[in-house]
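Here is a quick tour for someone meeting this structure for the first time. Have a look at the model, then read on.

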Amino acid sequence: MELLVASAIGILTAGGIYLMLRLRTFPVILGISLLTYAVNVFLFASGRLTVGAAPILRDDVSGYADPLPQALVLTAIVISFGMTAVVVMIGLGAFLGSEDDHVDDPKGPVDDLAGGGS
Amino acid sequence: MTHWMIAPVVLPAMLAAFIVLAARHHLAIQRAVSVAGVLALIAIALGLAWEVSGGAILLYQLGDWAAPFGIVLVGDRLSTGMVLLTAVLALFVLLYAIGSGWDDRGWHFHALFQFQLMGLMGAFLTGDLFNLFVFFEVLLIASYGLMIHAGGNARLRAGVQYVLFNLVGSTLFLFALGSIYAQTGTLNMADLAGRVTAIDPEDTVGIRVASVLLLLVFAIKAAVVPLHFWLPSSYAEAPAPVAALFAIMTKVGAYAIIRVYTLIFPPDLAVTAGLHDLWLMPAALLSLALGMVGVLAAKRLDRLVAFSIIGSMGMVMVSIALFTPEGIAAALYYIVHSTLAGAALFLISDLVRTGRADLELTPQPPVAGTTLTAGLFFVGAIAMVGLPPLSGFLGKLLVMQAAYDAPLMAWIWAVVLGSSLISLVGFSRAGSILFWKAESIAPQDNDPARPRPAALSYVAVGGLIALLAAHTVLAGQVQAYATTMAAQLFAPDPYVSTVIDTPGKLHPPKEDP
């Protein structure tokens, strides 16, 4: 089981980093999503891998799973989900505004609205 | 247990919710609530700082759960000092945003501003690494909204880069936290301080990886070269008041490095020997040099200021990387200076923009209010470059004095002095093009008349400059207090025992003999 989980984390991370280094917004967002999946599994495994163990103290149980990483993972999932939604919206706005979804700085000047909407 | 400890976190959160829900369409109410909230924050921060100034450690256990099981907020001299600095900066930034009308150019400025304050205050006060992550995310989410406030293509594109870079940073943070938890079984900072020393020196792979990952995360936040790429575009494109508030965000990274690498991984710790003490200093020197070269190379005023932020963060990191009490004390003095000077310069660059078509460093006809703006720019540039008489000079002296016994002393002095000269040339060039060459350009008749900046804008910038002057005049007192902060950091036993031994729910009972 350790081998399976470890290689899953490794493959997700490798794929995430590869996609993250691409030039366009969409693959980069996908890469970051893969990376957050990897880190969620990693966090989950940081409390040691157990099967069928109870997370809450009971009288008739002797072995327990660590409940804290599960709480941490829950927080991390919520945050990464929200963040992905935010970056999709901002990326979409940037793409629709300039018909261009490269993540790097544009070569020429973009039509500069830096003075604000007024 | 005083409940005032949590007020800097709860108050902005409540106000932000109130602004969104109740005052969404009433800008005047939003402004009043926001300013009142920040004033209250300053009062609370002053109270907290006063309470810990004698050396006490304030502890707040959320829900009365004892550490390390519960979440704690801890206030010592450093964290309350940073809270006070944030609150004071927020007041002037807010006044500028109101005076210049930036808060009227998009939605929810004040709500996001309050959420940003909540995240900043929480990050400074928390005593738990996972909570530090959560507060980082709170301040980042708010900063994403603020960064693209008022929209525009250039700003949105810079926003995408900023968000993506910070998402990667957050993921790294989680990897670091996972490794630390797997190695030690706790994420409470005080508890970690004890457990890390108990790690077997033969089996340190996990904790060393975690230590470096964590330093990388904080270095991203502090914009240490080569992890600074997110900063120039996003700070330059962000609305000026937002960029001015962001001047404290890089300091959150510096604060986290100071906190974690004196409390959990102190410089004399065996298991992490030869890691950050080896390469943090060269990276810091590189940031200082590269930031100031960027000042000289910048073609636009806002990018120039952004690069000067990188340079001044480099100076802070040089001082931190010494990892001596004198170095940390000098860094703390310089952090206050660099926050105020950076914020003032961003606001001044917006004053310049009010009078010009763009911020390109090209001669353009002079505009109304040039004299005052030029004067303010002159003072701000002197502060940032570090010329006498302002606090940048004193801060630089303190850093150089602290580095006198360091092994890399020659390098540090050379880079600090050389980069000062380069930035001096850069700022002089920018100032003379913007303000002096403008006199030789005749205004064209068809130019639209540009309005003078509002008086409140000048009040806000003048307030920051006045604070810089006060920081210079009271340098002796501030430096003495920074020394006591550093002394407290290098003697962490009261901090640890306060957090661990204060009783609460689930506190392990003392064994009877």
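## A first look at the two chains

Of chain A's 118 residues, 30% count as buried, meaning that 20 or more other C-beta atoms, placed from the backbone, lie within 10 Å of the residue's own. This is a predicted model, where local features need pLDDT of at least 70 and side-chain atom pairs count only at pLDDT 80 or more, while totals for chains, interfaces and linings use all residues. Residues are numbered from 1 along each chain as its sequence is written, with chains lettered from A and ligands numbered from 1 in the order in which they are written.

Chain A has 3 helices and 0 strands, so its elements read α-α-α from the N terminus on; both kinds are DSSP runs numbered from the N terminus, helices being H or I with at least four residues and strands E with at least two. Among chain A's contacts with a separation of 6 or more, 49% come from residues 24 or more positions apart. Two residues are in contact if their C-beta atoms, placed from the backbone, lie within 7 Å.

Where do the chains meet? On one side are 33 residues of chain B, and on the other 35 residues of chain A. Helices H5 (129-147), H6 (153-184) and H9 (231-237) of chain B each give two or more residues to chain B's side. H6(B) gives the most, with 18 residues. Sorted by class, chain B's side has 17 nonpolar, 9 polar and 7 charged residues. Here Ala, Val, Leu, Ile, Met, Phe, Trp, Tyr, Cys and Pro count as nonpolar, Asp, Glu, Lys and Arg as charged, and the others, Gly among them, as polar.

Axes are lines fitted to C-alpha atoms, for helices over the stretch in contact, and angles run from 0 to 180 degrees between N-to-C directions.

| Helix pair | Angle | Axes |
|---|---|---|
| H1(B) (residues 7-22) and H4(B) (residues 109-125) | about 165° | 8 Å apart |
| H15(B) (residues 370-385) and H17(B) (residues 409-436) | roughly 175° | within 10 Å |

Its angle makes H1(B) roughly antiparallel to H4(B), a label for angles over 145 degrees. B:Pro8 and B:Ile19 of H1(B) are among the residues making this contact, as are B:Phe115 and B:Met118 of H4(B). By class, that contact has 14 nonpolar, 3 polar and no charged residues.

In the other pair, residues meeting across the contact include B:Phe377 and B:Phe378 in H15(B) and B:Leu424 and B:Phe427 in H17(B). The contact of H15(B) with H17(B) has 9 nonpolar, 4 polar and no charged residues.

Key:
Buried ≥ 20, exposed ≤ 12 C-beta atoms within 10 Å, placed from the backbone. Parallel < 35°, antiparallel > 145°, perpendicular 65-115°, else oblique.
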